[in-house]
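I wrote down each thing I checked in turn.

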Amino acid sequence: MTLLERRVCDVIDGHWFNGGNTLPQCVSKESLSSENCRPTHPPENGIVRCEHKDTRLVCTGTCDDGYTFVTHETTATRICDVTSGEWESGNVLPACKVAVVGNCTLPSPPRNGMSKCIVQGSELVCTAVCFHGYALPVALDNAKHVCTIADGVWYDGMFSFQTCQAITATDQCRFLNVSRDTAASTCHQHGADLVCDVECTNGFTFETHDVTVKRICDRLTGTWYTGSSVPRCVSTCEEHLISGNSIFSASSSWTGLAGVYFGPDRARLTSGPETVKNQNLSGGWRPANDDLGQFIQVKLERLSRITGIVTKGRGVSSGDTAQDVVTRFRVLYSTDGRSFVPYGSETVTDMFFSGNRNTCNEKVNWFSCPFAALYVRINPIDWKDHIGLRFELLGCPASEESVLTTSFISNTTPTTVTSGTSPEPMCNSILPPKNGVINCEDRGTSLVCTALCKNGWAFTTGDFLVNKRCDLNTHTWTDDQPFPACYRLPYVTTTTSLKPMTHDCIGSADDCHRKVNGDYHTCDNCHYFASCSEGYTYVRECPDNLVFDAVIGSCQYRSTTCTEL
């Protein structure tokens, strides 16, 4: 027996709060006025329901999700005698206050929206949803806030949600850049986003081998999250590109087994252990040393559009148990053999590819962003017994308009190395710290190696990241000391001048196992960022005086996602 009934549904999980999704039957006002007891008013941020029980009117109040009565009651009841019209303890319900979980105060829902908080382990996770016709502005984690229950600290330093803004009738998203002759797009609105699915037509297929390509645009700002362009629709682009005229070269080749040739041209996918003109040939390429500075490279017969790569471990003779297999690698490419670009997708700037698990089976990786190249270089970054590789490139002849300009410059000129020749001087390999990982990157004039401790460990120096540089001209390291040791937390604490405002960051070498491919903040230092690729972590340093911005996705002079400590 109430004058107003309200039902609220969580659009995140479809759960109806308090009274469920049914409403009581409506009765005439005359029947209400005949009663001596008038229904009590609901508290702010709560509801009340009244029902007759014999000669009493029983009204029960409950608070909305995220609120609790100031009396700490779960429900509050008021009872009226319908014969006398007297309430036993008054007809005013106690007020509802913001609830507290542990030491975390629950946030108020955003204006023009609602929120829900759930406990996940040691954290309180609160998510906001806007009402129909409203949306949160684009910003990192603006729809989710996380608090540690033990100390009541919110990761981003705030627990209030931004205001849900009305979506104007004028959509800021422009049309996708697709060819109507070979592709068709279907778009629909989803909150503040415009979601478009694109498919190839007339017998064509995407050069990335995707059946459907999805693009999402923020209707408030007109920003396409991964760009408004889509891959080309082609008839086919997966020819074998390495021919008899292709030229192989490598950083080095192994000469440790007398009478057996492990040179770069043994990297052809069809190579196997054999004897030709009294010379024993290996079933694949193997470098002189197993370190991150090694690479195998091929110069194609003509400029080609590369859409995929097939890899295989080094083939061995019957009875040989060697597992010379590359399990993870990078791809770099060039049109002139001097300036090389690391391959990156829509979500990661320097992508890691999963390699092989054994010497027998082939592994195919398709490039979601095909590229034009004359030279392709493979840089192994993880392996089993030793580095050992055979490969093939897939694609088709490149058109002039598909040639990409080089944006990453490397002064490393490939050298052709055959059995019996000495490789050029290189920076000596540096070992990762125990309970940590190391990633090295060619920065033009220097090789920069960055170390990161594993989850639950930290450097004894108090640093979150430690890097070392080697001069590629003199092949000398800035210091000859090993990386500091990693100790179990909370042995040390880290301090930096700039820290990310978001909790969606990489804090250990294991964090990428739980992330989608992309570039992320490192948790304690905005001068570094981490690329996650297929669960692997690759920590990179911004250029001098720059910091990483997670919204823009690149290094900037100022970052909107970092704050002073």
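How many disulfides does the structure hold? I noted that I was working with a predicted model, and I found that the structure holds eight disulfides.

I began with cysteine 37 and cysteine 80, which form a disulfide with their sulfur atoms 1.8 Å apart. I looked up the torsion about their S-S bond, which is about -75 degrees, so I wrote this disulfide down as left-handed. Cysteine 37 lies in the loop between helix 1 (29-33) and strand 3 (46-53), while cysteine 80 lies in strand 6 (residues 75-81), so the pair ties together parts that are 43 residues apart in sequence.

Next I turned to cysteine 200 and cysteine 233, a disulfide whose sulfur atoms are 2.1 Å apart. The link is left-handed, with -85 degrees about the S-S bond, and it joins distant parts of the chain, from strand 18 (residues 193-200) to strand 22 (residues 233-234), 33 residues apart.

Then I looked up cysteine 237 and cysteine 396, which form a disulfide with sulfur atoms 2.0 Å apart. Cysteine 237 sits in the loop between strand 22 and strand 23 (239-240), and cysteine 396 in strand 33 (residues 390-397), 159 residues apart. Cysteine 237 is buried at 4% relative accessibility, and cysteine 396 is buried at 10%.

Terms used: Residues numbered from 1 in each chain as written. Predicted model: local features only at pLDDT ≥ 70, side-chain atom pairs only at ≥ 80, totals over all residues. Heavy atoms only, no water. Disulfide = S-S within 2.5 Å. Helix = DSSP H or I, 4+ residues; strand = E, 2+ residues; numbered from the N terminus. Buried < 20%, exposed > 50% of the residue type's maximum accessible area, 1.4 Å probe, protein only.
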